[in-house]
Amino acid sequence: MNTVLSRANSLFAFSLSVMAALTFGCFITTAFKDRRVPVDIHVAKVMLKNVDDFTGPRERSDLGFITFDLSVDLQPIFDWNVKQLFLYLSAEYATKSNALNQVVLWDKIVLRGENTKLNLRDMKSKYFFFDDGNGLRANKNITLTLSWNVVPNAGILPLVAGSGHVSLPFPESYETTKSY
């Protein structure tokens, strides 16, 4: 005979299986959706300093400062399976010592229900733009890209790069002023 615990266990296992199947069904409805949207990035000001690098004895490294404008409408990304977006602006460039350098300059979390149309002006980089050496000075191809992680209710965390980036040259001389 089946005891009460045996019947409760069967009911719980069946309920868990049904919820897993429903969760997978929910995930598959948005798994193949294209989550790219156009991004407009405009760089207003670029400044470069040569500062002390405290990781080695008497080393100096490049420190870049960027002021940028950012315009993007994230509304098409949000659907019933998106909790939040983690946005980040990254810089990619090549130097003599490294074929690929990637630095995150700015980030923001956009929750469901918040304003999804970002129109940011005169934003400064949130994180330091350090190079491990002097690879920023006179670098002609530094590419800024806005990317995001989609945090879903169910499913994988896709990493998406926005369709639109900007490439900019850095100055050939260092700033000597103290302020930014």
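Is valine 110 buried or exposed, and what is its relative accessible area? The legends below take up this residue after an overall view.

**Figure 1. Overall view of the predicted chain.** This is a predicted model, in which local features need pLDDT of at least 70, side-chain atom pairs count only at pLDDT 80 or more, and totals for chains, interfaces and linings use all residues. Residues are numbered from 1 along each chain as its sequence is written, and side-chain values use heavy atoms, with hydrogens and water left out. Helices (H or I, at least four residues) and strands (E, at least two) are DSSP runs, numbered from the N terminus. The C-alpha trace spans about 85 × 40 × 30 Å along its principal axes. The radius of gyration of the chain is 23 Å, whereas a compact globule of 180 residues would have one near 16 Å; the radius is taken over C-alpha atoms, and the globule rule is 2.2 Å times the number of residues to the power 0.38. Of the 180 residues, 38% are buried. Here buried means under 20% relative accessible area, exposed over 50%, and partly exposed in between (1.4 Å probe, protein chains only). The chain exposes about 11,200 Å², of which carbon and sulfur atoms supply 58%; accessible areas come from the Shrake-Rupley method with a 1.4 Å probe, and for residues only the protein chains shown count as cover.

Figure 2. An unreviewed UniProt entry places the feature "transmembrane region" at residues 12-32. UniProt positions are given in the numbering used here, feature names are shortened, and annotations may be inferred rather than shown by experiment. In the model, this span is 90% helix and 0% strand, and its end C-alpha atoms lie 32 Å apart.

**Figure 3. Surroundings of valine 110.** Valine 110 belongs to strand E4 and is buried, with a relative accessible area of 0%. Apart from residues up to four places away in sequence, valine 110 touches Leu74, Phe78, Gln84, Leu85, Leu87 and Asn115; contact means heavy atoms within 4.5 Å. The C-alpha atoms of valine 110 and phenylalanine 86 are separated by 6.5 Å, although the two residues are 24 apart along the chain. For the chain as a whole, 71% of contacts between residues at least 6 apart in sequence join residues at least 24 apart.

**Figure 4. Asparagine 50 and its partners.** Asparagine 50 is located in strand E1 (residues 39-53). Its relative accessibility is 18%, so asparagine 50 counts as buried. The side chains of asparagine 50 and tyrosine 174 make a polar contact (3.3 Å). A polar contact is a pair of N or O atoms within 3.5 Å; within protein, one must be able to donate a hydrogen and the other to accept it, and residues adjacent in sequence count only if both atoms are side-chain atoms. Leaving aside neighbours within four places in sequence, the residues in contact with asparagine 50 are Arg60, Ser61, Asp62, Asn134 and Tyr174.

**Figure 5. Salt bridges.** The structure holds six salt bridges, each defined as a side-chain nitrogen of Lys or Arg within 4 Å of a carboxyl oxygen of Asp or Glu. One of them joins aspartate 107 and lysine 126 (2.7 Å, N to O). Aspartate 107 lies in strand E4 (residues 101-111) and lysine 126 in the loop between strand E5 (117-124) and strand E6 (129-130), so this pair ties together parts that are 19 residues apart in sequence. Aspartate 107 is buried, at a relative accessible area of 13%. Another salt bridge connects glutamate 172 with lysine 140, the closest N and O atoms being 3.1 Å apart. That pair links distant parts of the chain, 32 residues apart: glutamate 172 is in the segment after strand E8 (159-168), and lysine 140 is in the loop between E6 and strand E7 (142-152). Both glutamate 172 and lysine 140 are exposed. Salt bridges with shared partners also join Lys33, Arg35 and Asp79 into one network.

Figure 6. Most residues other than glycine have a negative phi. Aspartate 122, in strand E5, has a positive phi near 50° and is exposed, with a relative accessible area of 54%. Alanine 138, in the loop between E6 and E7, has a positive phi near 65° and is partly exposed, with a relative accessible area of 31%.
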